[in-house]
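Q: Hey, I've just opened this one and would like a quick tour. Can you walk me through it?
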Protein chains: 2
Amino acid sequence: MLLYDNRHAPSPRRVRIFLKEKGIDVPTVPVDILAGGNLTPDFMQVSPRGLLPVLCLDNGMIIDETVAICRYFEEIKPEPSLFGLTPLDKALVESWSRRAEFDGMGGVADVFRNSVPLMANRGVPGRTGDPQIPQLVDRGRITVARFYQMLDDRLAHSRYLAGDQFSVADITALCTIDFSAFAGMPIPDEDTNVRRWHKDVSQRPGAYA
Amino acid sequence: MLLYDNRHAPSPRRVRIFLKEKGIDVPTVPVDILAGGNLTPDFMQVSPRGLLPVLCLDNGMIIDETVAICRYFEEIKPEPSLFGLTPLDKALVESWSRRAEFDGMGGVADVFRNSVPLMANRGVPGRTGDPQIPQLVDRGRITVARFYQMLDDRLAHSRYLAGDQFSVADITALCTIDFSAFAGMPIPDEDTNVRRWHKDVSQRPGAYA
C-alpha cells in the first residue's frame, strides 16, 4: 500500500490526520503540486485525474478520493470510529463533513485558485489551461463568511461538529479552516465557538500529522 | 418523516431513485426551486442552507445533504445494498459517486447556473445575489466533456460504475447525465459505453421515480 501525498494541500492532510487518529502507518510518496508534479505524464499514469491524495492498494487498484480513502480505512480498522456508529450519527457525520467540503472548502478553493499567481492557468484541480476567474474570488469570500457563521452557530451547542464525538467531519473542517487562514481568511474574531473548537481539535496528536 | 422534494432538480431525484430501489416510501413536500421556494423565510426556517432535498426526522432533526440522506436509509434498511458490502467495494462506490459529483455534476451546475436566465443572480445554490459568471460556462463545458470521457473509459470494462453491482454511484451519474442533457450537453455519440449503461440503468423501475 502506498499513499501519494503533499505536505501543503488540505486534502492529503485530511488523510494523514485520519490515519494518525486510527493509528495506521502507510508509506507515502511526496508529490509537488505547486511545481505541477501531479500533472506530469508519470503521475497521470498512476492517477489519470491528476488529484491528490491517491491510495495505491497492493492489488494495483487506486482510490483517488479523500473520503473514499478514509472510508476504506474505517472499514478495515473500525476503531476508533470516525464516521459514526448509529444510522443517525453516520448521517450527521456525513452531513457535516459534506457541509465543510461544499460550503467551506469549495469557497476557499475558489478564492485560492483564482487569485494566487502560482495557480495561474490552473483554475481547476488536476488540469491546466483554465484561466483564473477573478469574480470567483468575491463569490468564494461570501461562501467562506457564511461557512464560518454556520460553524459558529453549530459549535455554540455541540462540542464537535457531528455531536459529542470527534469525527471525520472535524478533520474536514479543521483542514478547511487552516487552509482558509493560509488564503487570508482566518476565523473571524467574533466566532468564539469556532475558536474554542479549533483550539481543541488542533491539540489532538494527529492534527499536524 | 418528511422529505422536501423537487421534481426537476437532480439532487432530490437522486434520493427518490434511492428510495425506490430500497422499497421505502416517505411522504414528500414539493418545493418550487425556480420560483425561489427554497429561499423563502418559511423554508429557511426548516433548512437554513436553502438546499434540497431535506429529510426531516420524527425527532425534529434535519438531514440536508443528498448522500447523508441516502446513507441514513442504507443504515436503517441495508438490503439491497447500494453503498457496497466489502471495504474495497465501499471505497469504489464512494469514489465513483464523488467523481460523478465533482467531475460531472459540478461542471453541469457551472454551465446551468451561469447561463440560464431563470438563474440570474442565483449563481450559488441556496442563496441570491451572486451574479452569473459567463466564464464558468466554458470551464463547465470542458469539465463535462472530460467526465463523459472518464465514464466511457470505465464503462468499457465494467457493467456499472463501481463494478458488477448497481450502486448509488450509478444513481449519481444517471442524474448528472440527464441533467447535463437538459442543459444542452447530452452523451456524445461516440461514447457507446456510456450509452449502453445509460439505457440499462434508465430501465430500472425507480429510474424515473
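Q: To start, how do strand 1 and strand 3 of chain A run, and how many bridges join them?
A: Strand 1 (residues 2–5) and strand 3 (residues 54–56) of chain A run antiparallel, and three bridges join them. Strands here are DSSP runs (E, at least two residues) and helices are too (H or I, at least four residues), numbered from the N terminus. Two strands pair if DSSP finds at least two bridges between them. Bear in mind that this is a predicted model: local features need pLDDT of at least 70, side-chain atom pairs count only at pLDDT 80 or more, and totals for chains, interfaces and linings use all residues. Residues are numbered from 1 along each chain as its sequence is written, and chains are lettered from A and ligands numbered from 1 in the order in which they are written.

Q: Ok, and which residue stands opposite A:Tyr4 in strand 3 of chain A?
A: That's A:Val54.

Q: What about strand 2 of chain A, is it parallel or antiparallel to strand 1?
A: Parallel: strand 2 (residues 28–30) of chain A is joined to strand 1 by three bridges. One of the partners to look at is A:Thr28, which bridges to A:Leu3.

Q: What do strand 1, helix 1 and strand 2 of chain A make together?
A: A right-handed β-α-β unit, with helix 1 covering residues 10–22. Right-handed means that, with the strands pointing away from the viewer, the path from the first strand over the helix to the second runs clockwise.

Q: Zooming out, how many helices and strands are there in chain A?
A: Seven helices and four strands. Along the sequence the pattern goes β-α-β-α-β-β-α-α-α-α-α. The radius of gyration of chain A is 17 Å, close to the 17 Å that the globule rule gives for 209 residues, so chain A is as compact as a globular protein of that length. That radius is taken over C-alpha atoms, and the rule is 2.2 Å times the number of residues to the power 0.38.

Q: How much of chain A counts as buried?
A: 46% of its 209 residues. Buried means 20 or more other C-beta atoms within 10 Å of the residue's own, exposed means 12 or fewer, and partly exposed is in between, with C-beta atoms placed from the backbone.

Q: Switching to chain B, what order do the strands of its sheet have?
A: The open sheet of four strands in chain B has the order 2-1-3-4, with mixed pairing. Its edge strands are strand 2 and strand 4 (62–63), each pairing on one side only. In strand 3 of chain B, B:Val54 is the bridge partner of B:Tyr4, and B:Cys56 is that of B:Leu2.

Q: And where do the two chains meet?
A: 24 residues of chain A are in contact with 24 residues of chain B; contact means C-beta atoms, placed from the backbone, within 7 Å. On chain A's side, helix 3 (66–76), helix 4 (87–113) and helix 5 (135–155) each supply at least two residues. Helix 4 gives the largest share, seven residues.

Q: Which residues touch the most other members of the largest nonpolar core?
A: A:Phe18, A:Val108, B:Phe18 and B:Val108, in a core of 100 residues. Such a core is a set of buried Ala, Val, Leu, Ile, Met, Phe, Trp, Tyr and Cys residues joined through C-beta atoms within 7 Å. Leaving aside neighbours within four places in sequence, the contacts of B:Val108 include B:Gly140, B:Phe179 and B:Met185.

Conventions:
Contact = placed C-beta atoms within 7 Å.
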